[in-house]
Amino acid sequence: MAPMELIIELLLMPLVAFVVGMMMVLMMRRIAAKLQRRIGPPFFQPLYDIVKLHSKQTQISHGLIHDIGIVMAMGGYIAAETLLPVPGMTGIAEKGGIITLLYLMMIPSLGLALGVGQCANPNGSIGIARALTAMLAYDIPLVIVIFGVAYAAGTTNLVDIIAVQQAGGFETWGAVQMPVLAIAGLIAMHASLGKQPFEIYIAPAEIATGPMVEMSGKYLGGLFVMQCFQLYTTSVLYVSLFLGGGTTWFDFLLKSFLVLAIPVSIAYLFPRYRTEDLLRLMWKWPVMLGLIGVAFVL
Amino acid sequence: MSSIKQIPVITERKGNPLARVFDEFVRFCRSRSLFILHYCTGCGAIELPPAMTSRFDMERLGIQPMVSPRQADILLITGYVSIKTLKRVILTYEQMGSPKYVIGICSCTVNGGMYWQSYATAKKLDEYMPVDLYIAGCMPRPEAVLAGLQKLMDRIHSGEANSWEDYFRNYDYYLGNQQKLFGENWQTPTDIITEAKHYDLIDEGTFGKHTQLLEQHQKPLEALDMRLGHDLKEPTE
């Protein structure tokens with residue numbers, strides 16, 4: 001690949017992810033509104049929120065690490081987007097592989113932990129402790145699932161995994177070949193989104209949105225951007241692992257939005273688990289399902 | 001003292017036409033995305049849940065509740081403010097990021113309402129902080145709350161809703177009223193004068209005899225001790 005072409009792809013992929021992510025945020029809020037029999041926000045509401053937050057006139061910083069933490073939280077996902085192949089663009093997905101992607105998806109939580117630490121707000125500290133515990137809970141089933149898929153495909157290269165699934169049409173999709181792993185992956189994905197019933201670290205009524213409690217202006221705006229990337233990354237990773245990626249953009253976006261609609265629709269029907277319940281649940285059912293699925297693959 | 005009384009003079013800005021378009025866009029986004037912090041002081045708070053939920057649905061106007069003052073744009077004071085509560089309201093207001101707007105709901109925030117003769121109630125909210133909008137009524141229905149919020153949105157869009165600058169420009173007046181109520185030792189953890197200097201919002205009314213009084217006894221801000229289980233002290237009771 002020509003270097004110029006690669007640079008354009010590396011710039012375009014996070015940009016596309018951001019735009020699609022904003023639409024995913026909109027979809028999430030519209031689904032919540034429909035479930036609560038409301039009308040919901042207008043189409044450009046996520047954009048209004050982000051522009052408004054970045055145009056606040058006082059920016060309350062708590063220090064250098066606070067600034068760096070937000071940059072890490074956004075940067076981790078921006079780097080992750082370049083490793084997620086989309087129709088027509090692969091970026092550095094062939095060289096990076098799925099293990100690098102998993103590492104990059106952990107960076108935002110750690111960056112947030114750094115940034116929130118300097119805010120010295122007890123609610124923020126409790127929130128970030130819970131966020132890291134939740135990461136421990138959902139990462140184990142997620143790693144088992146990804147190992148299973150990579151073993152079945154015989155490669156850790158995401159482009160090859162998609163190619164294997166697209167080879168025989170619908171029947172070679174990961175979800176058809178490995179349904180048990182797909183279910184375990186869906187639960188792990190739901191937990192990694194941090195939505196109810198796994199919303200232990202935001203918990204607005206209990207710890208005042210946890211990590212976001214001291215964020216204002218562009219810091220909160222950065223976290224809103226991060227949320228767009230988070231929704232995009234999680235659903236596109238699931239589509240790439242189990243639903244054969246996308247051959248066209250229409251195909252690809254339809255699958256990503258549908259996959260995201262499942263946990264989001266479940267989310268607004270349930271209250272929240274406690275931290276220890278989340279750990280018990282995540283380490284029992286998805287791990288068990290994941291191990292059974294891996295046993296089938298082996 | 002609030003800027004509502006002043007007749008707004010919209011000066012034609014010279015320079016880059018693109019910058020004007022950008023300013024217009026930012027103002028539009030500000031008016032269409034408002035995070036409210038509802039400080040539920042009195043009975044008016046009961047009218048907010050119906051305004052937020054399925055019957056009237058605030059979110060279609062881009063208004064949604066937030067839980068901490070740092071994240072919020074609008075401070076809703078929903079009822080009478082006792083003197084002890086007013087201290088918390090002022091602390092909350094000073095922590096919010098500008099541009100910030102204050103809405104007083106119910107007649108108690110306008111003139112004390114039925115608490116007019118109470119010794120423990122602050123009567124007029126706009127003596128202690130600049131108020132953008134009052135929604136009178138005892139209590140106003142959710143329709144009235146939404147109509148008031150839409151009016152605020154129009155004011156933000158046209159650039160008139162900048163009474164938050166008034167708090168910096170006339171800090172002496174507001175501080176004087178606060179000192180009259182809370183005593184001369186009143187001090188908030190937020191340093192308004194330094195903030196006004198930093199954002200270039202110093203005016204004639206920023207300094208005066210009340211700010212001089214504040215400077216005499218003002219204790220410098222200290223970082224919080226980062227350990228568990230130490231006694232939390234009340235801020236300057």
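A: Strands (E, at least two residues) and helices (H or I, at least four) are DSSP runs, numbered from the N terminus. Two strands pair if DSSP finds at least two bridges between them. This is a predicted model: local features need pLDDT of at least 70, side-chain atom pairs count only at pLDDT 80 or more, and totals for chains, interfaces and linings use all residues. Residues are numbered from 1 along each chain as its sequence is written.

Q: Which residue stands opposite I105(B)?
A: I135(B), in β7(B).

Q: And how many bridges join β5 of chain B to β7(B)?
A: Three, and the two strands run parallel. β5 covers residues 101-105.

Q: What's the strand order in the open sheet of chain B?
A: β2-β1-β3-β5-β7, five strands with parallel pairing. β2 (63-65) and β7 (133-135) of chain B each have a single partner strand, so one side of each is left without a neighbour in the sheet.

Q: Switching to chain A. Where is H190(A)?
A: In helix α8 of chain A, residues 179-193.

Q: What is H190(A) in contact with, leaving aside neighbours within four places in sequence?
A: Counting heavy atoms within 4.5 Å, K195(A), Q196(A), P197(A), F198(A), P263(A), I266(A) and A267(A).

Q: What lies 3.2 Å from a polar atom of the H190(A) side chain?
A: The backbone oxygen of Q196(A).

Q: What separates the C-alpha atoms of H190(A) and V264(A)?
A: 8.2 Å, with the two residues 74 apart along the chain.

Definitions and conventions
Chains lettered and ligands numbered in written order. Heavy atoms only, no water. Polar contact = N/O pair within 3.5 Å; in protein donor to acceptor, adjacent residues only side chain to side chain.
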